[in-house]
Amino acid sequence: MILDCLGKRCPLPIIELAKALADKPIGFTLTLLSDDPASQPDLIAWSRMTGNSVETSGANTFQITKLAN
Amino acid sequence: MVSITPSFQSEPRLHDAARMALPHIFEVTWPDPSKLGADSKSAALLLNEARETFASHLGIRTDEIHFLGEPNLGFHLGLSGLMSSQRRLVYSNIDRMEVFAVAEGHTSEMLEVDPNGQINFPELMKDDVLALQLCNRETGTIQNGRPKSPDLLAGLFVDATASGTRIKLPANWSTALWDSTAWGGPSGLGVFAVSKSANWSNPLPHLDGRINPGPASLALIVASALAIDSWVADEKNLAAKIAAINSEIRSYISSNIPDSDLAPGGADHLISASFLYVNAEQLVTKLADKGYPVDSGSACSSINMQPSHVLAALGVLTQGNIRLTIHHAITFEEVKEFLEVLSQTVSELRDK
């Protein structure tokens, strides 16, 4: 699954990410595209706060794995 | 106008000691203190008294003090005056943007802080000039790290703009900068110091020994000296209250507002808190509408649409961020009312 948040400003990418993951099982993965300057630091903080995994895989591209409900 | 609800923005109200004396101060500070004549002599006396007041509260000599009409010019004066082509400027990633701007023009090294905002200093060399921020103005982070051999440095610039009189100057300082608003003095006045033992040269175009084109307003200098005297006395009495209010706010937020992220603490008068899934611009606007002006480090509430470099460096969430400054006059009741409004506003915005 690709969640395209290009052009969207904070906090929209992370709100849409949380919505996309809400009904998904643990272990579900998706690719988030976001060019908001706050996304890089905020995804790291979001990962720490929620227990989900985030990896930067390229420019404006993040691999997300759901690890917690 | 006296507001009924308190402001949590960083600017303190002008201290009563300065505010009430201002009409008189303006009557007696019009002469040039460097000229001859009775009026000038009185003005010179006021300037000297002010110097002595600052010297005693800031722990510096009267002849090390210079007054700046543009406080932030002190970052350039304090750092560039210690640099040369052989030297390297060492600073941290939570320093002020003004420090970053000076670093652009020199050989430099940016140190990264740990999640508590602390610098683990590498071995510094004799050609290194260090910028040391005693307290961060956004999060209140107090820098406890110190270079291993500060006496070996080519220069040590101390940013005391957020700490004011709360934290003592470290030994071996070369240049230091304070902002008059730190003690409830008038805005538009910086206190800049060059240590007598510093290897400093004026980076601004100059012909004589004066450090800046100046002169800074004598009226503001005298008003600020009155403010610092009273503020230091107030701080002694009110420090315990401010500390208690700080822990009240921190514990309320962490136990009552889910998905909140508090920046690591430090100075008691500053708190930075972020709320996941909240738009900071809407939060700041709603809080202001309800009578509580606050600051924010989020991208959507900044002019350049960039998130606070301090929050990002600390790994703190940058979205939905508010910055609270706890001023002397605030009461527990006001804080409790504010916290309820904050909690309610955060959940309203999340439900939208």
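Analyst: Two strands pair if DSSP finds at least two bridges between them. Strands are DSSP runs (E, at least two residues) and helices likewise (H or I, at least four), numbered from the N terminus. The structure is a predicted model: local features need pLDDT of at least 70, side-chain atom pairs count only at pLDDT 80 or more, and totals for chains, interfaces and linings use all residues. Residues are numbered from 1 along each chain as its sequence is written, and chains are lettered from A and ligands numbered from 1 in the order in which they are written.

User: How do you know that β1(B) and strand β7 of chain B pair?

Analyst: Four bridges join β1(B) to β7(B), residues 190–194, and the requirement is at least two, so the two strands pair. They run antiparallel; His66(B), for instance, stands opposite Phe192(B) in β7(B).

User: What makes β1 and β3 of chain B edge strands?

Analyst: The open sheet has seven strands in the order β1-β7-β6-β5-β4-β2-β3 (chain B), with mixed pairing. Both β1 (65–68) and β3 (108–111) of chain B pair on one side only.

User: What does Leu79(B) touch?

Analyst: Contact requires C-beta atoms, placed from the backbone, within 7 Å. Leaving aside residues up to four places away in sequence, Leu79(B) touches Leu89(B), Val99(B), Val102(B), Val129(B), Ala131(B) and Phe157(B).

User: What makes a set of residues a nonpolar core, and which members of the largest one touch the most others?

Analyst: Such a core consists of buried Ala, Val, Leu, Ile, Met, Phe, Trp, Tyr and Cys residues joined through C-beta atoms within 7 Å. The largest has 113 residues, of which Leu79(B), Leu89(B), Val129(B), Ile221(B) and Val222(B) touch the most other members. Helix α5 (residues 218–256) of chain B supplies the largest share, 14 residues. At least three residues come from each of domain 1 (16–231) and domain 2 (237–351) of chain B, with bounds from an automatic or database domain assignment.

User: How many residues of chain B are in contact with chain A?

Analyst: Contact with 14 residues of chain A involves 18 residues of chain B.

How values were computed. Two residues are in contact if their C-beta atoms, placed from the backbone, lie within 7 Å. A residue is buried if 20 or more other C-beta atoms lie within 10 Å of its own, exposed if 12 or fewer, and partly exposed in between; C-beta atoms are placed from the backbone.
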